[in-house]
Structures are given as structure tokens and as C-alpha cells.
Amino acid sequence: MNTFEYLRPATIAEAVAAAAEPGAAYLAAGTNLVDLMKGGISHPTRLVDINRLPGLDRLEHLPDGGVRIGALVRNADLAHDPVFARRFPAIAEALLSGASAQLRNAATVGGNLMQRTRCAYFYDVASACNKRAPGAGCDARGGENRLHAVLGWSESCIATHPSDFCVPLVALDAVVEIEGRAGRREVALESFHQLPGNTPERDSVLGPGELIVAVRLPPAAAKFAAHARYLKVRDRTSYAFAVVSAAAALEVDGGRIAEARLALGGVAARPWRARAAEKVLAGTRPEAATLRRAAEAALAQARPSGENAFKIELARRIVARALALAAAGTPERVPALPASPFASVAGAAVHA
Amino acid sequence: MKPMKFGIGQAVKRVEDARLITGHGQYTADYLPTGTLAAVFLRSPHAHARFTVSDTSAAKSMPGVRLIATAADVAHLGDLPCVAALGNSDGSKMPLPPYPVLAKDEVLHVGDAVAMVVAETEAQAREAADAIEIDWEPLAAVIEMTDAIAPGAASVWRQAAGNIAYDAHMGDKAKTDAAFSKAAQVVSLQVVNNRLIANYMEPRAAIGEYDAASGRYTLTVASQGVHGLRDILSKQILKVPPENLRVVTPDVGGGFGTKAFMYREYPLVLDAARQVGAPVRWVSDRSEHFIGDAQGRDNLTTAEMALDKNGRFLAMRVDILGNLGAYLSQFAPYIPWLGATMATGTYDIPVLHARVRGIYTHTLPVDAYRGAGRPEAAYVLERLVDQCARQIGMPREELRAKNFVKSTQMPYKTITDRTYDVGDFEGAMRKSLANAGYFDFDRRIDESKRRGKVRGIGFASYIECTAWGDGEEGSVKLEPDGTFTVLIGTQSNGQGHATAYAQVVSQHLDVPLERIRVIQGDSDRIPTGHGTGGSRSIPIGAAMLARASEKLSVQLKELAADKLEAAAADLEIADGRVRIAGTDRSISFEEIAKLPGATPEKLKAVDEFVPPTATYPNGTHVCELEIDPDTGVTEILRYGVCDDFGFTLNPLLLAGQVHGGVAQGIGQALYERTVYSEDGQLLTASFMDYCMPRAADIPEFHFETCNVPSTTNPLGLKGAGEAGSIAACPTVMNAVVDALHRAYGIDHIDMPATPSRVFAAVQQARH
């Protein structure tokens, strides 16, 4: 039987103090943490329930044109906010392609950033896993690793970050607002998640007791609204994590790409910003050969971590397709199964 | 047959649905007598291990715990029987290793039940099960069939050398060899029929009760028929007289064959109820379901066809390896054999030799699952016929037409000793192909190409056998309030028996369906029954009820004749009354029930129907699909069905059976696969890893019938419950292979054709 202390602080300051103790963990929707506890992967001795903290569930469109998303905003509420979805369609599309309707109704913005990898060896307590038990080894290296990382992995860990939501956020330069004992600090989301190196047990830059209070998008993130897509390939149509995904956002001016943003999901321990590919695209026309060149650039550093070489070529194709879809324009409606590769007509809301 | 408003042939909506979809269904787990205790099972984490239960004392003293049973505590219970032993080709009988109610000393698969814990709450029982100390000594496990029969493999049973449960032969080997040696062309193929997990919506559940005063047991259980379970429990496991045992089955949320068998939990909850003096209830959750219920399919088949220079089939050779798992489930050995008896399908193949081997592995038992052997056979044959067409360069439809058993050959006796009474296989194929726009396909393929997709079309002409063996006895009775009660020993699992059977009664007694109650699932109320399975409930059950209803209508007319002072021959039944034809003089059923002469015998008709032989539904399904070569994803665009079910009792219910069956076949063809690790862990043990088809994966169906009435029953019916799942796998896979062959020259891919497999095949072909 798991026993743990349960606290429900009334203020952020109390929460931060309570969670700074060793063995403490924040509880929001619990869609990942509770599973981890049931499976014996996580054993927090203290749960600090932040669901009732005031002010964290607000979505604010800022005067400068940016947007600030409270850490407790639920995925479904964000995706279905009409103004937000219109300004940041690829983010809404990514949110709706994750999990199930029930989970999206519960899961939070902060929790999405904090979710753990879905590497099966991490979840199987009988397997060796450096992320779960530092120094234990990595059974994924010689095991079933079809879905593992092809970028940024190390000998000690080849797990991927499973988020859909974070992929367009990284592409659009999102910033994480963090509250800690020393006060507030901000970290670019691109640097928030850590590559495994020799310390795969550390998923993020958060220190003890630090709490995500909001995610902010800069004003420039909205300029891609007319040409932004999130494309996710998975082994089945819904309720599955990405084998590979891509967020593509383009600013198109007179048939040319003025600025491009590109990030990949399911390929590394962090959502992977592909700046080299963005450079290839800048100033070009979105033609098939150019998109393919950008895709090659995005995966230039990729190498298989096991039986997953196919993911590299698959990722190139998905990048090219996501860029083509983005170039074709954001669809009128975000499909119910967004930008599914099952969609037979590019860009149409066939599943809506 | 005269069309009646609610009678046979009408598209009547299901009378069950208002109740079921508004949450008023009563399933086994909804039955909760006062004071019910919870049972949970401690199951093996190892595929193969020796074990000793070193200490249960801590568990026994935990709060709420009432009983802990291990093998030693249930030695008085008999083993689970296998009722389908086969003969080996050398004339010997296959040995039947024991399938005890709890594993003793050695476990043989992950999920093998080791102990039962009964406590006041399920949480307490789980806590106590966790506290039982067991010393495990893991042993070498053998998982894949090809490994199991290799020299030096770990052994599942001493009785079965080389892990071969049986080695049975069918047909004439010498003649077959001779035919092959003379053949102009030989085409061969090896295919996998992937192992499936039957994911009914309602997991299994059972509640045991014992009345010490009378010595009677009552088992409430989600099953496919109560009488078979009662008889096995009584004779072979509990060893009590059948009258001391009542088995009840309320609403059931899907069975697909897999709920038909005796399972360990049933005798154990009954025995526990007796020991603790309270009702004991076990309800499987979805996780336990994956490691607690028999699985389906899992064949590896090599098939060869010998053809003459004109494409006529001369002979066929089939070698089936059927994975039986670790224990012999109730019907397990028979399933691959049943498939072999349908090996030649719709074709006139004069010579055959089939070898069927049942193989033990350290995996869950495998038994009947929707189609049970027949989907496996149809898949092998229809893939092989397509391969023949490709190899000899003849259009698929022409090769089939050339080799079909012709309707003029009926009745036709197959080389496997089955007699098809009727059927028009070529007619069904031509109609189905025309419906599908088969001959315009080339125009559509270019349109796909422009979108970067690869398009394919495929079809399968299948035949299967249903409704063989035991008959069914039942009764129709007029109640004092003018309603009718039907008692029948088949068991609805959601198919809509209450509607279909009431339609048969309404045909003869002309009453609205809501005045007819269909009672199933109670061995105390229904004297006999053989349950639901093999698509038998309508061809046998409806045929029986038609006779019983007609008999009752005659009895009621006789009663009315006295009262109306008319000859029975002048009476007719109309609008729920018995009337002197052509007059307004009539009497209601309620009044008849109250007549002085209306004895219980006259108000009730009992009849029986024993089928002389199986019925043979058949037809052709056509599938058109697109493959995305960038991702390997397959999308089904069109799916057309033209089936011969002999006679349609209710078009809505029939379409429902076909749609559901095809969906399951699509699941097997494209998504579902049961995967064990090398050491026997079930890797696909939840819906995260075991991929069921979803609504978005299933296309709109075009469904029509091309019925040729069966001669085996008075209504001309053929069973329809399994046909969809039998035809769909070869149909979908022939379309997948067609697409891959046209684009890349690929002529083989195994089920399930998942995106990753298709992706890999395309990558390989491109290089």
C-alpha cells in the first residue's frame, strides 16, 4: 500500500514551501502522476495539491499581443477557446490530438510539460532504467525501442518526451513562468526540458519546490495563424502517443516564406526545435524540393538508438508534409482528429 | 409465408434496446445479494515456473479476509474438462493433460491462477492476495509454435513429446502427392492467423451462492448457455447431482464464443460460497481479462495448390500448426481441425491432404473465437487463390469462376466430407463485384496516384458451416393475461434473440412483440438447452420456435372452437384474436386462457428441432482501400458484401451481425495482434498496446443478400453470426496485397498489416 501525506495549500507561497521538502510532488489533474504511483514508479511521500490555488486557471490575452496561459488551464478549455484557437491553431490542433476527451478535460497545461516519458522500461519496475533508478542501466537500448529517440539521446537514456502540446509551443518561442523559494524566474520552453546526458533522471530545469505558474507566448507567435499546422503520426488513430510529430508555422508573403518555425515531437527527450530547417526555408517558395531539403536539415543530426532507423525517414516525410499543409493554409476548422495522416484530403476537416 | 406486421422477415427494431441503452440492463456484476463477499485471484507473473506457497498466515489474518484457497484446498474439485479430443494419424488418441482449477506446484502461463482470496471487500481481498508469499523458481518457457516443435525445446507437458498435442491427418496423402507431381503449376503460401483477444464490452463475472438447508448451489455467470456449464460443473467438477445446481445468466455484453467455456472461477466461487456461507462474487476487470480469458486464432499454415495448365485446381495440401496455449480449453483441439474441414471452401477440389498439429506453448489457452477455425481456413484459402491468380496470370474472378462448385453440382460433397446443400457462389461473386464497381477500378487508381496514394481492391468468396450438432427444445406458452412466454436454452449475448424469437411467435400468433417474453439463461426454468455458438441460435432456435408456435396456434384454435361453436378449420388468428374467418365473431387470447377447458397442457406447446446437418452460408465481400506509402497507413474506402444467408428473419438484426463481424475481421487484418515476449510476458496486455478497431477505422458498408434457402430447416435459414468475421480478413488482406503488388511487386504481407509493417515492406521493396 502506498501511503503519503496530502496537502492542499491556499497560496502559491505555501505550496512552494510545502513542495520544497524531499519526496514531495505537485498534484494537478494527476493524469500521469497517479498512474506512476499505482505502478510503483513514483513514490512521493507528500502530495501538494495545487488544484485550488487561486489565479492559475486563467487565460489572458495580453495588451502587447502575447498570451499568458495559467498552469491549471485544462487542455480542453484551451483548445476550445475560440480566440486562442484562431490565433494559435497549431497549438489547438496539437492539444486535440493528444489523449482522450476525458483526459483532455482534466489534464493541465503545467502537467503537460511535467509528464514523464512513456518508455515502457521506465514504467516496468522490473526493468533497468536510468531515468527511474539512476545507475541501473537502460534495458531499452537492447529491447523494444522502435519508438525511442533519434535525436539528442545518450548511452544512458533513449527515452522521448511524449507531449504534443509542447511541440508547437517550442516552435512559437513559448516561455515558462516558474515560482520558487527564491521568487519568480522565466525559462524558454526550448531549454526547459533537459537532454539525458548522464543525468536522465532530471527531466527539466526545475529545482526542488519550483512550480510552473504559467506559459507565455510572445506577440510574434500570432503572426503564423494563417499557416500553422500540427501533424502527428501514431500507430493508431486516436489515444496514442506520437511515433513522430511536427509543428510547422509559416509567415507567407507574396508566395514566399518570410519566416518559418518548425519543431518535432516524439524524436527526443525534449520537443525538438529545428532551427537549421527554418533557415533553409526562409525566403524560399514552399515547393516540394525545398520542403524536402528543410526536412533533411531538420534530421541531419539524427541517428538511430536501436531498431528505429525508420523513424528518421518517417520524420523527414512528416516534416515535409506538415510544411506543405501549413503552406496550403490553416483550415477553417481544426479537425476532430487533427491533421491526421489518415486524412485523405490535405487540409480538409474530413474528420470534423 | 404471409407477411405479418411484426413477423418473420420484417425489419423490426430490437425490443431489448430501450432497456439496455437507458442503463436498465441487468448484467452479472449488477447482481449483488446482501452480504456478498469479493473473490480475487492471485495469478502467475511467470510463463513457466515451479512454486511453493510458503506462507498464507499473514494474508489470512488481514482485515476482512474470509478464505484463502490454494491447490491443496481445492483437491476435492475435478479438473476442467476438454471435450474435443482428436485422434492422431497413427490411430492413437491424444493425451489430455490436466487443467486443474488452481495450479499446483507449477504454473504454465502468465495469468495462471494460483490462489483465490475471499474477503469482505475487493480491496481487502487484493491486499491479502499481495501478502501471500510465494517462492517462484522460473523455468524455461516456450512461446512461439515454431520454437516449441524444434528439437530441444522446453516442454509444456511430459505427455506431449515435442509439445505436439495431436498430429491429425485428413484426406489422402498418396493421391495428393500424385496429383501434385502431375501438376502443371504449384503455388504455395505460408500465412499467419494472428492471435486475438476477444474484447467483449462486459468482462467475465460470476457469483456463487450456496443454500446449506437444501444443499443447492446457484451460479450467476456471464455465459453463452447455462445448461452446458451446469452439466460439467455437476458431473465433472463439483460432483453433485445436477438438480443441486442452478446456473443463471442475465444480460450478457458480448461473448463471441469465448464466454462459452468452463472457466476456473466458476467452480471456485461456488465452492467458496459453500465454505464461507455467503455469496461470493468475482468480477474481472479489463486487465485481468487480458490474462484470464481464452484467446483466439493463432495458426501458422502452409498451403499449396496444384493446378493444371488451364488453371483448374487439381489438389490441395494444407499443413496447420494451431497454438493451443498451455492448457486444453474446452473445445481447443477441435478448432484448427474444424478449419481443416472447410479447407477447400467454395471450390471443387477433388484431392486433399491436410495435416493438423495442435501445439502446446507457455501462453494462455486458445479456444473458439467468432468463427472458430473457419476464419483461419477462409483466410488461408482465399489468400492462396489470389496468389495462384497472380502467379499464373489469370484474373482473380475468372480463376474463381472456373473452380467454384457450381450450383448445378448441389448437393455437393467436399473431399473433407461435408455436404453443401445449396449455394450459388459464382452468382454471389458476380453480383458483389458489380456492386463494387470492380471493373472500373483502374479509373480510380490514377486519382489515388495523383494524391501520392497507392490503391488496391480485393475480394474473397467464402463459405462456412453453422448450426450443426445438437438440437434445441423449447416452448411457447399463453399466460392468463393474454401474453406469451417463450422458454429457450440458447443465450443472447447481445444479438437480439428476444426480438428475433418474438418475431417467429408473432408470425403465427399475430401479437405485438411487447406481448411476447423470451426467457433464457436459467437452468431451473428451462429444462434443456445447448447455448449459443456456431451461429446456431437462429437456424435451430427459430426453426424450433416456428414449429412450437404453429402447434400452439392449433391448440388455441381448438380451445376457441368450442367457445365460438365453430369448426377449428374455420378459425383464423388475426390481430391477437382467434376469429371465425370472414365474420366479426372472435375471442381474445386472454379470454381463451380463462376458458374452462384451458388446461396448462393446452396453453403450452413444446417442440424440438434437431438439424440434420450444418448450414452453409457463403458469399463474396469486396474491399477497396488506399495505402499512404509515406506512413504505411491503410484506409478502407469501400466495403461491399453480398451474402447468402438462406432466408432473412430480420434485415436489421442481420445487418448488425454482418457489420459487427466485418469490424472484427478488419481488426484482425489491420490492427489486433497478441504479442508475448520471449519469456512469455504478455506485452499487449491493455488497450494501450492491443489495438482494437475504432469507429473511424470502419467504413460504411454496402450489404445485400443473395439468399438461396437452405434445405436443412423449415425456414431455409443459414447462420449469420460469424460470417462477417470469416470473410473480412481475406477480403481486406487481398486488397492490401493487391495495392502493394500493383505499386511495388510485393505479394505477401502478414496480418495485421499495421502501418509499421507496411512501411517496412514498402521501404524494402523500394531498395
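This is a predicted model: local features need pLDDT of at least 70, side-chain atom pairs count only at pLDDT 80 or more; totals for chains, interfaces and linings use all residues.
**Exercise 1. Describe the interface of chain A and chain B by its residues in contact and its buried area.**

Solution. Begin with the contacts: on the side of chain A there are 20 residues that touch chain B, and these meet 22 residues of chain B. Turn next to the area, since the size of an interface is often given as the accessible area lost when the parts come together. Between them, chain A and chain B bury about 1800 Å², and carbon and sulfur atoms account for 53% of it.

**Exercise 2. Find which polar interactions cross the interface of chain A and chain B, and which element of chain A gives the largest share of its side.**

Solution. Start with the charged pairs, of which the rule finds two salt bridges across the interface of chain A and chain B. As to the element, helix 13 of chain A (residues 309-328) supplies six residues, the largest share of the side of chain A that touches chain B. Sorted by class, that side of chain A holds 11 nonpolar, six charged and three polar residues.

**Exercise 3. Classify the aromatic pair of A:Phe310 and B:Phe759, and state where its two residues lie.**

Solution. Over all chains, the structure holds 24 aromatic pairs. For A:Phe310 and B:Phe759 the distance is 5.8 Å centre to centre and the angle between the planes is 70°; planes over 60 degrees apart count as edge-to-face, and the pair is classed accordingly. The pair crosses between chains, with A:Phe310 in helix 13 of chain A and B:Phe759 in helix 19 (residues 755-766) of chain B. Both A:Phe310 and B:Phe759 are buried.

**Exercise 4. Explain why the pair of B:Tyr639 and B:Phe701 ties together parts that are apart in sequence.**

Solution. The geometry comes first: B:Tyr639 and B:Phe701 are edge-to-face, at 5.7 Å centre to centre with 85° between the planes. Because B:Tyr639 belongs to strand 27 (residues 633-644) and B:Phe701 to strand 28 (residues 701-705) of chain B, the pair ties together parts that are 62 residues apart in sequence. Finally, consider accessibility: B:Tyr639 is buried, at a relative accessible area of 2%, and B:Phe701 is likewise buried, at 17%.

Conventions. Residues are numbered from 1 along each chain as its sequence is written. Chains are lettered from A and ligands numbered from 1 in the order in which they are written. Side-chain values use heavy atoms; hydrogens and water are left out. Contact means heavy atoms within 4.5 Å. Buried area is the accessible area (1.4 Å probe) that two parts lose on being put together, summed over both. A salt bridge is a side-chain nitrogen of Lys or Arg within 4 Å of a carboxyl oxygen of Asp or Glu. A polar contact is a pair of N or O atoms within 3.5 Å; within protein, one must be able to donate a hydrogen and the other to accept it, and residues adjacent in sequence count only if both atoms are side-chain atoms. Helices (H or I, at least four residues) and strands (E, at least two) are DSSP runs, numbered from the N terminus. Ala, Val, Leu, Ile, Met, Phe, Trp, Tyr, Cys and Pro count as nonpolar, Asp, Glu, Lys and Arg as charged, and the others, Gly among them, as polar. Rings of Phe, Tyr and Trp (its six-membered ring) pair if their centres lie within 6.5 Å; planes under 30 degrees apart count as stacked, over 60 as edge-to-face and the rest as tilted. Buried means under 20% relative accessible area, exposed over 50%, partly exposed in between (1.4 Å probe, protein chains only).
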